[in-house]
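Visitor: I have the sequence and the model open. Please walk me through the structure, starting with its charged pairs.

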Amino acid sequence: MNKIEHAFSAQKAFIPFIAGGDPDMETTEKLLHALFKAGADMIEIGIPFSDPIAEGPVIQQADNRALMAGCNVGKLFELVCRVRADIPVPLLFMTYYNPVFVYGVSKFAERCAACGLSGIVVPDLPFEEREELLTPCVSHGIELISLIAPTSHERATEIAKNSRGFLYCVSSLGVTGERREIDDSASRMIACVKRVADIPCAVGFGISTPEQARDTAGFADGVIVGSAIVRIIAENGRSCVEPVYQFAKKIKQAISI
């Protein structure tokens, strides 16, 4: 059992997301430690990108702040190398394909492994075109996490049968962002997946309150919370670590009931 599988083995998994380098690298490092302390079972670190097509305004603005502060792929690799020994839960990169391609696909996978990353999420890489990245990921023991959305329909079962690590289930149509309600699209997707594959399913896009996290954990194996955390970071700047810790702790408690 690898680290990602282990994260889902005994409990509902809490997977927070932060934009790497927002508001700066020092604060990002503190946030990673705070999220682990708050009970995160896995942490997703966004590589800032100038054209994040799947992101809503909250994460778009975070990416812009991080880029303006000088964050880049190399610095995030160095950060992961520094914290890896003290944060034993799986660390994931969420990135668009362009930064991977520019860095060098094989070199990127090799560096992920060397730094102790467990997986990567690439939302703009179609499942049918993933082979160029999947091959070096498999060679280096990195899980390339697949996504399904309400529009995946019959593709969802095929993706599920050929995925590893966990399946990232997009809760609703549109970009990332906080939502007042989470509809039943995600639960229907997961029911469809579970009929054909024994793979953990984590739901993201829109979960922003402990109550939503608790409800989602009722049918999913894990919950991914991003925009709500990034908004707290935006509102508090370098003083965001404690507010993020307190919020993350509430999410973890909500899904552990």
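Visitor: With which residue does Asp215 form a salt bridge?

Guide: This is a predicted model. In the model, the closest N and O atoms of the Asp215 pair are 3.4 Å apart. A salt bridge needs nitrogen and carboxyl oxygen within 4 Å. The partner of Asp215 is Arg214.

Visitor: Is Arg214 buried, partly exposed or exposed?

Guide: Buried means under 20% relative accessible area, and exposed means over 50%. Arg214 has 42% relative accessibility, so Arg214 counts as partly exposed.

Visitor: How many salt bridges does the count come to?

Guide: The protein has 25 positive and 31 negative side chains. The centres of the two sets lie 5 Å apart. The count of salt bridges comes to eleven.

Visitor: Which parts does the salt bridge of Lys252 and Asp41 tie together, and how far apart are they in sequence?

Guide: The closest N and O atoms of Lys252 and Asp41 are 2.8 Å apart. Lys252 lies in helix H12, residues 241-255. Asp41 lies in the loop between helix H2 (25-38) and strand E2 (43-46). The pair therefore ties together parts whose separation in sequence is 211 residues.

Visitor: Is Asp41 buried or exposed?

Guide: The cut-off for buried is under 20% relative accessible area. Lys252 has 11% relative accessibility and counts as buried. Asp41 has 9%, so Asp41 also counts as buried.

Visitor: Lys194 and Asp221 meet in a salt bridge too. How many residues apart in sequence are the parts they tie together?

Guide: The N to O distance is 2.8 Å. Lys194 lies in helix H9 (residues 185-194), and Asp221 in the loop between helix H10 (210-217) and strand E8 (222-225). The pair therefore ties together parts with a sequence separation of 27 residues.

Visitor: Is Lys194 buried, partly exposed or exposed?

Guide: Exposed requires over 50% relative accessible area, and buried under 20%. Lys194 has 38% relative accessibility, so Lys194 counts as partly exposed.

Visitor: Which residues does Glu44 touch, leaving out those up to four places away in sequence?

Guide: Glu44 lies in strand E2. At 3% relative accessibility, Glu44 counts as buried. Glu44 touches Ile15, Pro16, Phe17, Ile18, Leu92, Met94, Val121, Tyr168 and Ile224.

Visitor: Against which elements do the buried residues of H7 pack?

Guide: Helix H7 spans residues 131-139. Leu133, Leu134, Pro136 and Cys137 are buried there. The buried residues of H7 pack against helix H5 (97-103), helix H6 (105-115), strand E4 (119-121) and strand E5 (143-148).

Visitor: Which residue takes a positive phi just after H7?

Guide: The phi in question is about 75°. It belongs to Gly141.

Visitor: What is the radius of gyration of the protein?

Guide: The protein has twelve helices and eight strands. The globule rule gives 18 Å for 257 residues, and the protein's value is close to that, so the protein is as compact as a globular protein of that length. The C-alpha atoms fill a box of roughly 45 × 40 × 35 Å along the principal axes. The radius of gyration is 17 Å.

Visitor: What percentage of the contacts with a separation of 6 or more comes from residues 24 or more positions apart?

Guide: Buried residues make up 57% of the 257 residues. The accessible surface comes to about 11000 Å², with 51% belonging to carbon and sulfur atoms. For contacts with a separation of 6 or more, residues 24 or more positions apart account for 72%.

Key: Residues are numbered from 1 along each chain as its sequence is written. This is a predicted model: local features need pLDDT of at least 70, side-chain atom pairs count only at pLDDT 80 or more; totals for chains, interfaces and linings use all residues. Side-chain values use heavy atoms; hydrogens and water are left out. Helices (H or I, at least four residues) and strands (E, at least two) are DSSP runs, numbered from the N terminus. The radius of gyration is taken over C-alpha atoms; the globule rule is 2.2 Å times the number of residues to the power 0.38. Buried means under 20% relative accessible area, exposed over 50%, partly exposed in between (1.4 Å probe, protein chains only). Contact means heavy atoms within 4.5 Å. Accessible areas come from the Shrake-Rupley method with a 1.4 Å probe; for residues, only the protein chains shown count as cover. Lys and Arg count as positive and Asp and Glu as negative; His and the chain ends are not counted. The place of a charge is taken as NZ of Lys, CZ of Arg, CG of Asp or CD of Glu. A salt bridge is a side-chain nitrogen of Lys or Arg within 4 Å of a carboxyl oxygen of Asp or Glu.
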